[in-house]
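Look at the structure below together with its sequence. The text that follows goes through some of its charged pairs and then turns to its surface.

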Amino acid sequence: MLRFGSKSLVVAGVLLLPVCTIEVSAQGPSSGGLTLLDAVRTSVLKHPSLRAQEAQIEFYVGTREQSTGAFDWLSQSGLAHNRQSAFGNSSQLIDTTNNTSYSASVTRLFRNGLLLAPSFQLNSTTDNLDFPAGASSYAMGLQLTVPLLRGRGRGVVAAQEDAASLQVKAARYDLNFLVSQVMATAASSYWNVVAANKLLVIAQEAEDRGTAYVDNTRALINADHVPRNDLNGATANLAQRSSARIAAELALATAQQQLKLDMGLSAVDIVNVLPLPIDEFPPSYGVPVPSDSTPSLQYYVDQALQRRGDYLAQLQRSQASSVLLVAARNALLPQANVTFAAGYSSFHQAPQPSVVQAYSSALEPNISANINYSFPFRNNAAHGTLLQAQATAKQASLQAEESAREISQSIMVAVLGVRLAAARIEKAQRSVEFFKASLAGTRERYRVGLGSVVEILTIEDKLTGSLEDEVDAQLSHALAITQFRLVTGTLVTPDQAQQDVPLNNFLTAPFTGAPESQP
């Protein structure tokens, strides 16, 4: 079982992949060999580039939280005590005043630009002259600041927060596309190992046949059925085939090491032996291929622009730049704020033992309003910020446009690759069939004394080359399918946190047939 976060798992050959935070534990490769899904699973679970992109998402989330902090409630409170003594001309203490005050307030900036500030203040005073028994006062109020020009409206005040949220979405789309890239790279490396292993088998079989030809030629020479010179040709051919087998062994080892790297294995795990692949190349007979008509190609491009995580990330960044551009334009306006304040206050004096009577004021209302205006004469800072925001927005828009152009071009090439690869397999397989028939006829002629061992070896080498070409055609077909999936964004879904990626996604091309037949 493979778990992604707390929800994802692999059951019955269906791969569930996350495109946000990835926290996994997994079994090792399947016993008896390495499957394609084993390679893809491991790459998603262990590849360090995905972990780095997850950290980038966390960075943008932190940036968003910082921006959101501007709209948090801010509470302030204070407690103070003052004692003052007054002395007469003869340095005699004539008065001692004790003053205790407590204040509390909260402020909140709303995303529409309003600033709300409730407050409360309490004062208590005692002295030897006016308030020997003590007096207290308190006031409570509410202040509201309304921006009239600069800093008015959510599109301005919450621009940083909204832009940061868009950057978080862009980073998640980047992770989504990076998952697709890692999967496609691992799948391509897997197919390269499959091809290298098949080529090694072909080279080994060719070498075995070459050894048999040498033995048979030696036996025929001893029986005086063929000239002795035929042994030289057979021995040279065997040496050449042994050299090709050694090269094939190196190619397989190199492909396996690349697969380990693309699977994200650690430096320690890379030195371990990797099981040989057990999955076969994607089928080619009777499998529909994507259409290359102009409406079909346009349909593929339209679908890719809705699915490709990298392009969707560019759109999010372009939108974030436009959001900041609105705020930058607003900063050119003067600062004009209206502040309204309203509240109540009260004063209470404790009863006096002699002449002065107790006094307590009722709650008295307070209300005020004022307007503040400020504007720098040249406002260079705002103009500079606006120029930067305009340049950033223009760059983001052009980058998205360039990404769309590159996607369109890559789809054209990928469609052609799938179609030609399928046609090439058919031709390569026919070549193998005819060379096998030719070799059988040449061997028969040799048995009746009408041919030579050189002729047999020549046809043998051509058959070996034809078998290698067939493997290369099958590899090209598998790589073309993977590439077409990648460029059309059909390996994973860009807007889902949990993905179902079946094995069939690596074996068949999407969007086969004409666009009008698509669901």
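Which side chain meets that of R245 in a salt bridge? The partner is E249, and the distance from N to O is 3.3 Å. The model is a predicted one, and every distance given here is computed from it. Side chains of opposite charge can pair when their charged atoms come close. Both R245 and E249 belong to helix α5, which covers residues 229-262. Because they are four residues apart there, about one helical turn separates R245 from E249. E249 has a relative accessible area of 35%; buried would mean under 20% and exposed over 50%, so E249 is called partly exposed.

A second pair can be found in helix α2, made of residues 48-68. Here R51 and E54 are three residues apart, about one turn of the helix. Their side chains form a salt bridge with an N to O distance of 3.3 Å.

R424 and D469 meet through their side chains in a salt bridge of 2.9 Å, N to O. For R424 the relative accessible area is 28%, which makes R424 partly exposed. D469, at 31% relative accessibility, is partly exposed as well.

Salt bridges can also share partners. In this model, R209, R241, R443, E460 and D461 are joined in this way into one network. How many salt bridges does the model have? The count comes to 19, when a salt bridge is taken as a side-chain nitrogen of Lys or Arg within 4 Å of a carboxyl oxygen of Asp or Glu.

Now turn from charged side chains to nonpolar ones. Which residues make the nonpolar surface patch of about 680 Å²? They are L79, Y102, F120, L122, M140, Y344 and L363. One of these residues, M140, sits in strand β7, which runs over residues 135-147. With a relative accessibility of 41%, M140 counts as partly exposed. A residue needs over 30% relative accessible area to be part of a patch, so M140 at 41% passes that cut-off.

Notes: Residues numbered from 1 in each chain as written. Predicted model: local features only at pLDDT ≥ 70, side-chain atom pairs only at ≥ 80, totals over all residues. Heavy atoms only, no water. Patch = residues over 30% accessible without salt bridge, like charges linked within 9 Å, V, L, I, M, F, W, Y side chains within 5 Å. Areas by Shrake-Rupley, 256 points an atom, 1.4 Å probe, with all protein chains shown as cover. Helix = DSSP H or I, 4+ residues; strand = E, 2+ residues; numbered from the N terminus. Buried < 20%, exposed > 50% of the residue type's maximum accessible area, 1.4 Å probe, protein only.
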